[in-house]
Amino acid sequence: MFLKENRGERMQKNSTVKTIYSFAAVVLLTVFFQVVFCFVYNFDYETSSIVLYALICTGALSIFTYIPKIGKIFIISILLFLGVVWLISNDNFTEIFSDIFYWFIDYAMGHASGDEGNIEATKVISFILIICLFYLLQQSFFGRIACSLIVIAVCVFCGYYEYHVSRIIIDLALIYIVLVGIEISLRFNQKIKNEKKRLITISRLMPFVVAIVFIVNLIPASEEPLQWESARGIIKGVKSLYNDLTSNFNSNKNGKNGNNDKQLGFSDGIKLGGSISNNNTVAMEIKFNKPPKRNVYLMGAVSDTYSKNSWKRNNTEPTYYSNYYDNDEYSVEEYVVEYLEMYYSLMRSGLLLRTNEMLESNTIEVEYKGIDTDNLFYISRINKAIISVNNFYSEGSTLLFGNKEIDATKYKLSYSCLDQSSPLFKKYIDRNIGYNYEKNELSEYGTFPQETSDDTGNESLYYVSFMLDFLSNSFVNSPYWYDVDIGGLLQNRASKIKNVYTQLPNEIPQRVYDLAEQITAGKANDYEKLKAIESYLKNNYTYSKKPGNIPKGRDAVDYFLFESKKGYCEYYASSMAVLARCVGIPTRIAQGYLVEVSPYGSKTVYEVTESNAHAWVEGYIEGVGWIPFEPTANYSSFTDEEEKTHDSLSEDLSSKDESSSSKADSSKADDRNSSNNDTSSVQDDNTSIVDESKDDVSKSNVEGALYISLIILIVIIILIPTISYLKIIMTFKKYKKIYEGADSDKKVYMDFFAIMRLLERNKITICQGETLVEFVNRINDFEDNIQQDINDSIMIYMKLRYGGLSVTDDEQKKAQITKQRIENIMKEKLSALGYFNLSYKIAKNITARFK
Amino acid sequence: MLRNKIAMILVIVITGVFASLYGGPVTRGLFYLSFIIPIVSFLYAVYVYFSFSPIQQVKPQIVVKGKKARYSLRLVNNSIFPYTNVKMEYYSDKQDIENKKIFNSYCVVPKEEYLVESDILCRNRGLYTIGIKKIIIRDFFNIFKISSYPKVVYKVRVLPRLFNLNNIRSELDTEMDIVKTDLSVVNKQERPDIEMRKYISGDNKKMIHWKASAKKQELLSRKYINNPDPDMKIILDLKPVNVEKAITAETEDKIIETALAIMKYYQRCRKRTTVVFSDENVNQLEVGTDNEFNIFYNKSAELEFKAQKTPSDCIIKCLERSESGSHFVLVTNSISEDVISMCTRAIEFENYVTIVLVNSDAKNKNNIEIHQKISVIPINKNQEIVDVLERK
């Protein structure tokens, strides 16, 4: 056999040096541009100086590592420089260092102030020391690994404490990590022991390393933790698919028993009964003009009539009014009157000029995604003035698209929402409660007020001006809007509301009336009564998406209040509406979506899923108007003083375990309470989800990340052993098949190979240049009783391999028995796992070689 | 490689969790780095896939079975990036590569060159590919593996071994003995017959039948008639052999080599033989001269045992040409009743039949009744052709 190799011999030294230089040039060029960028766009003394030192440090590091000669020149230059300084400064040279040193000690002890010159000098010295330390570490491969570990540790430290680190330092650190990673791979995977060769290879791979870091730089890196928006989108999609499948499965299954699960989602009208399941289809996307402070109730439909366990909308008429000018009758939409009533109630209570403390005004842009409905969603009180839908009409308080095809499904609207958590709200209610349009003089309203000037700069005046503007534009039907009989309008409407919105079917059992009386006993006014009912339902009933079916012939509200005592939002809302009507308070059911907003962050865009669909109650307080109430357990009340997290809501909506949600509730509520101490007057009491509150954002994101990590881990945990197991089984099977299918000669080859591997495990290996005969003679100290067998087996192999003769079956058997005997010895010597590992390796090698 | 993949996944997961917990460019940088690395690594592997091209050379490209061919592999990197991990897999079903270093994985930096040479032992006859079967390319982090195939493949023609027989056993030699007889004389002489004629002046003394002359009291010479030797027809059974898979190639080679040995013997004896073999049709090839022999010898390297015609068909074909006076030598791995009956028929037409059974199971012929005039010569697995075919 003739072998000729010239590995490494033909390496061209010139090109190698060129490579190293090009590498250095790439690094330095990158660094140079980074520094220029830093200086031009972000000139900051601290940053630039840090960058400069980092540049020196990392640049020198790279030079030392890959161009030792230049490294030496670098050190010599520093020494020469110091020498020159010493010569110039003469005797003061040592004093400079001693001054800096003592200053540093004093500074570290807190006795000295931060002198700029000393700080800079300390930095320079520190960096030089670091460079020297790194230089020493760079000398060996393991030193470089240690360095990379230090760099990683520093990165983790900086990441953990969220220190602002210059991009250039991160880039260089990443380059270094990748370089060492490649070197480790070359050393251990590729088994390149020649360090010079490794370094040359790495230097040639430098463009790839730079490309990696360059791409990393291209991806935007914000100061916020990863949001996992797309990942969560995928998870939501998967969840939704899963829910669809399970709900379909359940509905198919239950269909036989006459029970059907409903999917969560908006519907115009309510049909009580059955169970609901999650539906994570994205219904719409909402973009707020400015970040909202509290959860937002998007109203899509209003139901006023309760019968046969369902709620429907019967009152579709607009409000009619007369005009002093011509005494004719005109109509105006309900949402305008709601606004008007609010205006007058504010005016009457003397709070008109403090509306900015009570109203949250905002503009939203709604874009329909997965929802298909003619209903137009809005936030009460809507301001028509800037609603962007061209053609819509109202049926009572329900707004519907006039021509959805034309208006598409994207629109803007502005609203002024009453903030019930505001301290002023209570005063507002107190001042208006008990007001009766009939008892009070209509003349106090008169006609429409004139516009208020905004000269004072008061924000509330702006509101008033805005409101008046809206109202004046809304009464367009009347030829002279300022001649509208406001008092008559409001009085007629109030009496109509009292008539329509208190109706109840005869089937409502007496005990429901009795319960209503019992709950509201001792309450002074309608508002307190409504609050009492809200509180009663919230605290005494359990939220459940699977409350079971309503027995045939039973009233749903009665069954919920007295027997099942569990249900979802529609049950709660229906019960509150019915109970309030039982004591003569007008109520209605509002259906739509609850948008969970983050009160502290700057998030303005929200995705609303069908699982956010919700129903709540609005009670009518004469003189005030319709006020929303939230009777559903686990949902934050409109007026709760203590802020509750919305996690429980989310938990319920996403069908997570209730116990875990309550735990999350308590822990998060604690966190929130502590933060509320500082900002209690500003923060919203109703809202609960806090996507962009830093800690919770992290937790929320971590949830996504952990979810994915968990899935990946589970997949890995399942896959790795399964694949390994299958691989092992296949290897052994293959080995057996090859062995059994082999002729005697091949079997001897395989047995010999196995014997050699077994001996190798006993540290008995054939030396370089040693013949098999010499080897046989040498290994006579291995297990006396099978020594002869090994000798014979090797002789059989030699006869076959070199003699060109075939072996007999007996000879093959002998070799096989020898192998088995050594295997038995190894079985005793090694642990079960060790022996298994050895057997597997032998089987694998033999299979690969003799396949 | 699996270890590296797992490590990379773990790094992505860990940095992902880290980046989810803490914001800022450091955590993001680490996270992005962890998943950009595999992408760039893969792109690098793709680059190597397209740019790496090993150069192979085999000399000579025609070898005799059992002889070695010289194989050289040259790895040159003319690109600008190194090939960090390239490994070659070689064809090994019919060849043995002796220099195991050729199996190593190589890291070739730009302008670097490796030259690895090895002898390749060609174990079996045939025309087959030699050298690199597959190139396995790995990226610099050893995460991905891409397989490529050499653009140029090298085939060697491995000729069967050619045995020179000094003599031939009697079953195969109906006419002459190469050791005892001067072939040139034998070829020229006519066979003596019992018929005699009166002595004619000038007759060779050796031609005088002294005993008969004494009886008749007059000189009688032996009367020679021109009796040609029987035609030697070597029938190669190219039907798939019926042996263990491990010795299939060996058996096929042995059948060819047996036929060649007999043909060569007769060619040396300057006696023409006809080799009959079949693929889709029955082919007959007369071999007498060196050139004719070499043509068949070269062809024999590529003969495949996929014949659609049986040996019986070959015998029938031969009988169609000359009904009697031929010596059929059937070289086969197995005999069937059909073959035996056809051989018996040939004998009935005053032909000679010898069957050479190569690597055949003993039980193969146990149940078949063989005509007593049919000679069967078995060549077992461990027997050498020369040992069997030469006269003891």
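This is a predicted model: local features need pLDDT of at least 70, side-chain atom pairs count only at pLDDT 80 or more; totals for chains, interfaces and linings use all residues.
**View 1. Helix α5 of chain B is largely enclosed by the rest of the structure.** Helices here are DSSP runs of H or I with at least four residues, and strands are E runs of at least two, numbered from the N terminus. Just after α5(B), Arg270(B) takes a positive phi of about 60°.

Residues are numbered from 1 along each chain as its sequence is written, and chains are lettered from A and ligands numbered from 1 in the order written. Local features need pLDDT of at least 70, side-chain atom pairs count only at pLDDT 80 or more, totals for chains, interfaces and linings use all residues, and side-chain values use heavy atoms, leaving out hydrogens and water.

**View 2. Helix α7 of chain A meets helix α2 of chain B.** The axes of α7(A), residues 167-189, and α2(B), residues 25-51, come within 11 Å and cross at roughly 35°. Axes are lines fitted to C-alpha atoms over the stretch in contact, with angles from 0 to 180 degrees between N-to-C directions. From α7(A), Ile170(A), Leu174(A), Ile177(A) and Val178(A) make the contact (heavy atoms within 4.5 Å). On α2(B), the partners include Pro25(B), Leu30(B) and Ile37(B).

**View 3. Met284(A) sits in the largest nonpolar core.** Such a core is a set of buried Ala, Val, Leu, Ile, Met, Phe, Trp, Tyr and Cys residues joined through side-chain atoms within 4.5 Å. This one has 110 residues. Met284(A), Tyr428(A) and Tyr593(A) have the most contacts inside it. Helix α20 of chain A, residues 569-582, gives the largest share, ten residues. Among the residues that Met284(A) touches are Leu298(A), Phe377(A) and Tyr593(A), not counting residues up to four places away in sequence.

**View 4. A cis peptide bond joins Lys59(B) to Pro60(B).** Its omega is near -15°. Pro60(B) lies in the loop between β1 (55-59) and β2 (62-64) of chain B. Most peptide bonds are trans.

**View 5. Lys111(B) and Gln217(B) have positive phi.** Phi is near 70° for Lys111(B) and about 65° for Gln217(B). Lys111(B) lies between β6 (105-108) and β7 (113-122) of chain B. Gln217(B), at 70%, is exposed (over 50%).

Notes
Buried means under 20% relative accessible area, exposed over 50%, partly exposed in between (1.4 Å probe, protein chains only).
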